[in-house]
Amino acid sequence: MNQKFNQITWNKQWNLEFESPWGIFEKFQYANAARLEDIFFLFGISQIKQLKTAPGKFHRDLYTLNGIDDKLVKRFLGFSLKSKNEKNKASVCSVFPKDISGKRKYFSDNLVFCEKCISFGYHSILHQFILINKCPFHLIELTDECPDCRRTMPYILTDDYTQSPFHCVCGYSFIKKNNPKSTYLLWKETTNLRIKDTITIKWLSLNKNTVNFSNIILFDNLNYNHNVDMLRVLGNVLHSNSFTSKHQSSAVQVFPPRESGEPAKISIENNTLKEEIYISTRQTLKSLIRYMKKTILFKHKYCINRYKRMAHDSDICPYAYAFVHWRKNLEGLNNYWEVENGLRLSKNRSPLDFEFASKQDNNNLQNIIRIFQTSSEDIDISGTAIISILNRIMCILSINHFYNWLNYSKNHDCNNITNYGIPFGCENLPLFFIEYRQKERLKKSILFWNVLTKNQVGIHKDIICPRMIKNDSLIPLDKRINT
């Protein structure tokens, strides 16, 4: 052993509940004046110790601890860090089905922390969970930036972003009592740190191994960045049969599980299902376009016909601008004049994957298929249910695209007569998720939840068609579109 570590400073009482591997290693480095190279020297796997260069990102991952020999951690620190880490992740993610990426996608890539917790050298895996916005212990907002220089730090084993343990590279000290003896006393005193947030307590109490359990499917990056307390929303759903929140929720749709004899795994070789999905989404998109034209666009048919023929007036109708750009990108058309020429069948569909009528959202909908493919062991879902869910999600995405185009036309006064890109992503998208509920062994149901967080239609009440102004007739925008 390196003579520097003939005697290690460590106390078992410093290992706190839900403490993250990052917090454990920062404490060790702080107490032993160690650096990252010392961490790998003491606790690294044999492969790491044979490297002549610094370990790569794979071995620095704090969620998997690929580069750490757990036997050495247990020998020197007195507990299994990997077991602790896996147990904590399982507690946080108990209601999520198995996924090809494991639990990794539910945690932040950057270090997320509570300024009060880190001020006495504590960091929790709960801070890293993407659905938690406030510290469960102190009920204050979490952050991923240094309060001084505003740098972010990746959640990996690295000292490139720190000057020393609990110190940003800019010199800012996260830990307030920067005196070892005082700090050690604090670490012992914080053994009574308790979770105060009731929603977090309820969330951690969920256990899908009981007779009655639910699985929740979230749809990757589509839903995570919303001003919605998602943990509260999901907790309310799972702890009751009804949705109770200040946010409005659409009606719950229930689907049966797959029938006996139906394949459990969704395969891209299932040409029948692929064809059914494409035709169904095509019909849904046609119905959605008809509905939009009968409601919000009812008084703008003349404007749409003029705009798609490029007969642009000095004052362009924002509704026509939004509709034409919306349909062109949604259907993957090359020219504006092709809009309103009929929703045609795609002739060059790929035999290697699923395809949908909404070309703009093809990747998003493909990802949803992949989620069901990798979750088939936990989710007993029929092909009919998958098609229905895909149609619902496509409608939500498509309508949201239209309102984003309408908002864009408002903010830019339609100055760009034609726009050959899409200047936004999925902004303002309502939260939606799937709940797979099993009340008894044979009683299963799949529920689609659509949480309407903001009335987008209300934002556009002041958008007025120039042609209507000339006719002294303003456009009432009071019809809400629900999916």
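Tutor: In this predicted model, contact means heavy atoms within 4.5 Å. The buried residues of α2 are covered by elements that include α1, α3 (46–49), α4 (57–60) and α5 (70–77).

Student: Why is helix α2 (residues 36–43) called mostly covered?

Tutor: A residue counts as buried when its relative accessible area is under 20%. Six of the eight residues of α2 are buried, and the helix is therefore called mostly covered.

Student: Which residues of α2 are buried?

Tutor: They are L36, D38, I39, F40, L42 and F43.

Student: What makes a group of residues the largest nonpolar core here, and how many residues has it?

Tutor: Such a core joins buried residues of kinds such as Leu, Phe and Trp through side-chain atoms within 4.5 Å. The largest one has 78 residues, and those with the most contacts inside it are F25, F43, L77, F96, F129 and W203. Helix α1 (residues 21–32) gives the largest share, six residues.

Student: What does F25 touch?

Tutor: Leaving aside residues up to four places away in sequence, F25 touches I39, F43, L62, L65, I68, L81 and L157.

Student: What share of the protein chain counts as buried?

Tutor: Of its 483 residues, 53% are buried, which means that their relative accessible area is under 20%.

Technical notes:
Residues are numbered from 1 along each chain as its sequence is written. This is a predicted model: local features need pLDDT of at least 70, side-chain atom pairs count only at pLDDT 80 or more; totals for chains, interfaces and linings use all residues. Side-chain values use heavy atoms; hydrogens and water are left out. Buried means under 20% relative accessible area, exposed over 50%, partly exposed in between (1.4 Å probe, protein chains only). Helices (H or I, at least four residues) and strands (E, at least two) are DSSP runs, numbered from the N terminus.
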